[in-house]
Number of protein chains: 2
Amino acid sequence: MRHRLKDVAERAGVSVKTVSNVVNGYVHVRPDTRARVEEAIAELNYRPNLSARHLRKGRTGVIALAVPELDIPYFAELARYVVNAAAAYGWTVLIDQTGGRREQERVVASGITDHLIDGLIFSPLALTAEDLAGLDGTPMVLLGERVEHGPADRVVIDNVTAAREITAHLIQLGHRRIAAIGSQRTDEGASARLRLAGYADALRAAGLDYDEALVAPASAWHRADGAAAMQGLLTSGVRPDAVFCFNDTLALGALRALHEAGLRVPEDVAVVGFDDIEDGRFSIPTLSTVAPDKEKIAQLAVELLANRLDGDRTAPAKEVSAPYRLEIRESTRTP
Amino acid sequence: MRHRLKDVAERAGVSVKTVSNVVNGYVHVRPDTRARVEEAIAELNYRPNLSARHLRKGRTGVIALAVPELDIPYFAELARYVVNAAAAYGWTVLIDQTGGRREQERVVASGITDHLIDGLIFSPLALTAEDLAGLDGTPMVLLGERVEHGPADRVVIDNVTAAREITAHLIQLGHRRIAAIGSQRTDEGASARLRLAGYADALRAAGLDYDEALVAPASAWHRADGAAAMQGLLTSGVRPDAVFCFNDTLALGALRALHEAGLRVPEDVAVVGFDDIEDGRFSIPTLSTVAPDKEKIAQLAVELLANRLDGDRTAPAKEVSAPYRLEIRESTRTP
């Protein structure tokens, strides 16, 4: 059986506060009282909570990171950085995989269950700003583009500019029929909307037509979706000479479809992705991509959450931007 | 501010038990009392906990899945199946990424913090059976080979037989100089030890010598480690004609190293992995591998945990075995 602070207090014949003082190492406890408490702790095999500091603040020392899907490697990689950044604050990070389902996102945004988590770093897919405004309580930092207009602190990258730059890279290489893979309905994905806008901006700036037939939707962004979209483009007869995939897993699927069609990358079709996941550094060919600074995103999110927890919880929401860079690899580099 | 059951009870002028009865939908509550409670709930914007069923049992409805690394895709894929299997029990699954660190594994094995989780599905890397025996409390199901001899229920696959079969597949194809990538010291990994044993068994059964020079260690099992180990084998002059990598990420790294060395897979060197992660179904070439039934592993683990939570917590630990199959793909299939 698992014992609690009050079991120790009862056995030692002291108040819960006194046990807490002993556990937290406070000096103003009489030596005989301290001895009684320590004896009770030993008898009950009581283990104090994670961290005295959290306890004193009435916290659990646990935060949650809520992401749609862990088998999108971008989120798995981000999770590692968040765990590392949170360690500096003595926080344990528990990860909630919401599946992008509105109901599970509501559960996590409500703090999961009473007092379970101190705060939340949250990448929502289904919840809206209105949903979040209706929830009280859990201090939260938002990641990404889904929820705008300030219901909570937020970390973003400039998706439009990044998408414009990686598309411009393809244009500079001489490509003119540049496809896009990953467009979505507005209610499906804000990242898709912003990346498509950047793609269109780059075409416009280069005087190229925006051709609907070159834009392939993908309601999910897994490898299989990228492969199917690429096959669709190849069989539709639009004949792209390059393709911008809105994430790396789509791009890895596209590479596979091009390979199966007997086309060479980058000689016949150049391919770029977005996210810089580890897979793309080892794929054949390696994948050119937009590399958001995931470590920085994690650090900024953890800092915003820490400031919110220790500071003014009613202060206006802050939005901070994390850097990114282009990683040019074999999929756009003619040998 | 977030309200609790007792705030509702105070405002309605009833006991906490009565509020709980209303929230849980019990019928034996007087209509006027029910109305008062419902009014108080509305005024306070009180949200009942996750599930009335959990509440009644004094539980949080939250379990944890603790794994070493989420950016090992095997664990990310397993996490999705655990989340799905747990949904049938109304559980929220929070995922703890321990990094394989003994201290974090102790925290999670202790239930993270008082009463935070009802139970734990746990793939330890550092903790031993002795460590776990010294911890009271949190009902737990172990995954994998690290902790043996029954301190808790466990789900395994037969690693030795699986490794023997995938090695025998290479032998059947006519390969004779079969390398292994991923061996580890005993304190680093039990999976490595069992897979190496299966590899050695297969060689012995075929009358082939076990050659130390063909066995490459890898203390971590990421792509970069597989690529480095493969490069090492190629430059050492041992000239393998096939390689068994102890997981798929090692194998994907090995594929990359072979590509960079100008060798064809499978014509010059055949490659097999272990885990059947999604990446290997889209890589160029696609990857032959051992495919543990991850969905079944997740279901068995969740069922064992449910039985332990609702049944006899002191009953002897059970061990159940999940199936696997060989997936033969392009990396061992000559076109």
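At roughly what angle do the axes of helix α8 and helix α9 of chain A cross, and within what distance do they come? In this predicted model, the axes of α8 (residues 159–172) and α9 (residues 190–205) of chain A come within 7 Å and cross at roughly 45 degrees, which makes α8(A) oblique to α9(A). The crossing in which α8(A) passes α9(A) is right-handed. On the side of α8(A), the contact involves A:N159, A:V160, A:A163, A:R164, A:T167, A:A168 and A:I171, and these meet A:L194, A:R195, A:A197, A:G198, A:Y199, A:D201, A:A202 and A:L203 of α9(A). By residue class, the contact between the two helices comprises nine nonpolar, three polar and three charged residues.

Among the contacts in chain A with a separation of 6 or more, 69% are accounted for by residues 24 or more positions apart.

A further site concerns A:S283, which is found in the loop between α12 (279–282) and β10 (288–292) of chain A. The relative accessible area of A:S283 is 11%, and this residue is therefore classed as buried, the cut-off being under 20%. When residues up to four places away in sequence are not counted, A:S283 touches A:L252 and A:L255 as well as B:R256 of chain B.

Definitions and conventions. Residues numbered from 1 in each chain as written. Chains lettered and ligands numbered in written order. Predicted model: local features only at pLDDT ≥ 70, side-chain atom pairs only at ≥ 80, totals over all residues. Heavy atoms only, no water. Contact = heavy atoms within 4.5 Å. Helix = DSSP H or I, 4+ residues; strand = E, 2+ residues; numbered from the N terminus. Buried < 20%, exposed > 50% of the residue type's maximum accessible area, 1.4 Å probe, protein only. Axes fitted to C-alpha atoms, helices over the stretch in contact; angles between N-to-C directions. Parallel < 35°, antiparallel > 145°, perpendicular 65-115°, else oblique. Left-handed = near helix turned anticlockwise from the far one by under 90°. Nonpolar A, V, L, I, M, F, W, Y, C, P; charged D, E, K, R; others polar.
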